[in-house]
Amino acid sequence: MALLDVSNLSIHFGGVKAVQNVTFSIDAGIVYSVIGPNGAGKTTLFNLITGVYTPTAGEIRLDSESIQGKSPNELAERGMARTFQNLQVCMNMTAIENVMVGAHLRLDRNMLKAALRLPSLRARDNELRQEAAELMRFVGLERFIDARADSMPYGALKRMEIARALAMKPRIIFLDEPAAGLNPKETIEVDQLVRKVADSGVTVVLVEHDMKMVMNLSDRILVLDYGKKLAEGTGEEIRRNPDVIAAYLGAHA
Ligand SMILES: Nc1ncnc2c1ncn2[C@@H]1O[C@H](COP(=O)(O)OP(=O)(O)O)[C@@H](O)[C@H]1O
Ligand SMILES: [Mg+2]
């Protein structure tokens, strides 16, 4: 059974059909990539699935249950986390504090329960800090734990955002261009990190332009073009697909 089912999904912004009648499903435990030229609708698709946008038509199901109209917070509670194409970092906070924001987002859903148990706030904070420190190590940023975000290199901030999303303890994580703007060495580090995240049991949905990374990591690939599904399949199937070569891969080869 698929973890995520998207059927006939569409959204229109005025005359712009950003996503048109897109259908696909994602099995638990895989790395699923979404590729396509700029403006193809990749980020819009993430915004639809994670509850930022409401679709014009179509259906989205998580574990066979419709998640239509659920807020990003409710969806986070059901195990969805994401990173954004552009950095969303609190620059005047330290790296570990940024990661703790993710853990707070998770725990604040249980605030009432927590308040009834009257826990020591400081104990909770220590626990979150330890969890966040563990995630900083997981993403290879232990040396930046107490660094202010505005003192960190861009590549480190991109990985810190993955740690923050993981702090929400997701079942499925959506990464929107995690290697954009990174140098080749940093790109390899992100590539390895995405593999590690997948190996830890989290289903990964990846938007990425680096074809080497996409081909290396993906179990399956969805190709969007002008908001429509152009193709879907394994890396090998996508690489050989004449429509994909004409619309996208040709230009990237
Ligand atoms: N909030 C919005 N309002 C109007 N148009 C939008 C909005 N979000 C996305 N679009 C349009 O939808 C199309 C797809 O954009 P996007 O999903 O960002 O593409 P990609 O991530 O594949 O580069 C573009 O034409 C973009 O201008
Ligand atoms: Mg985008």
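In the predicted model, the largest nonpolar core holds 70 residues, of which V99, M136, A163 and V204 touch the most other members. Such a core is a set of buried Ala, Val, Leu, Ile, Met, Phe, Trp, Tyr and Cys residues joined through C-beta atoms within 7 Å. A residue counts as buried if 20 or more other C-beta atoms lie within 10 Å of its own, as exposed if 12 or fewer do, and as partly exposed in between, with C-beta atoms placed from the backbone. Helix α6 (residues 154-166) supplies the largest share of this core, 6 residues. At least three core residues come from each of domain 1 (1-79 + 172-253) and domain 2 (85-169); these bounds come from an automatic or database domain assignment. Leaving aside residues up to four places away in sequence, V99 touches A132, L135, M136, M160, A163, R164 and A167, where contact requires C-beta atoms, placed from the backbone, within 7 Å.

Local features need pLDDT of at least 70 and side-chain atom pairs count only at pLDDT 80 or more, whereas totals for chains, interfaces and linings use all residues. Residues are numbered from 1 along each chain as its sequence is written, while chains are lettered from A and ligands numbered from 1 in the order in which they are written.

The C-alpha centres of the two domains, domain 1 and domain 2, lie 25 Å apart. Contacts join 15 residues of domain 1 with 12 residues of domain 2. On the domain 1 side, α2 (72-77), β7 (172-176) and α7 (184-199) each give two or more residues, and α7 gives the most, with 4. Helices (H or I, at least four residues) and strands (E, at least two) are DSSP runs numbered from the N terminus. This side of domain 1 comprises 8 nonpolar, 2 polar and 5 charged residues; Ala, Val, Leu, Ile, Met, Phe, Trp, Tyr, Cys and Pro count as nonpolar, Asp, Glu, Lys and Arg as charged, and the others, Gly among them, as polar.

Ligand 1 is surrounded by F13, V16, A18, G36, N38, G39, A40, G41, K42, T43 and T44, each with its C-beta atom, placed from the backbone, within 6 Å of the ligand. Two or more residues of this shell come from each of β2 (16-27) and α1 (42-49), and α1 provides the largest share, 3 residues. The shell divides into 4 nonpolar, 6 polar and 1 charged.

Overall, the protein chain contains 10 helices and 10 strands, and 39% of its 253 residues count as buried.

Conventions. Contact = placed C-beta atoms within 7 Å.
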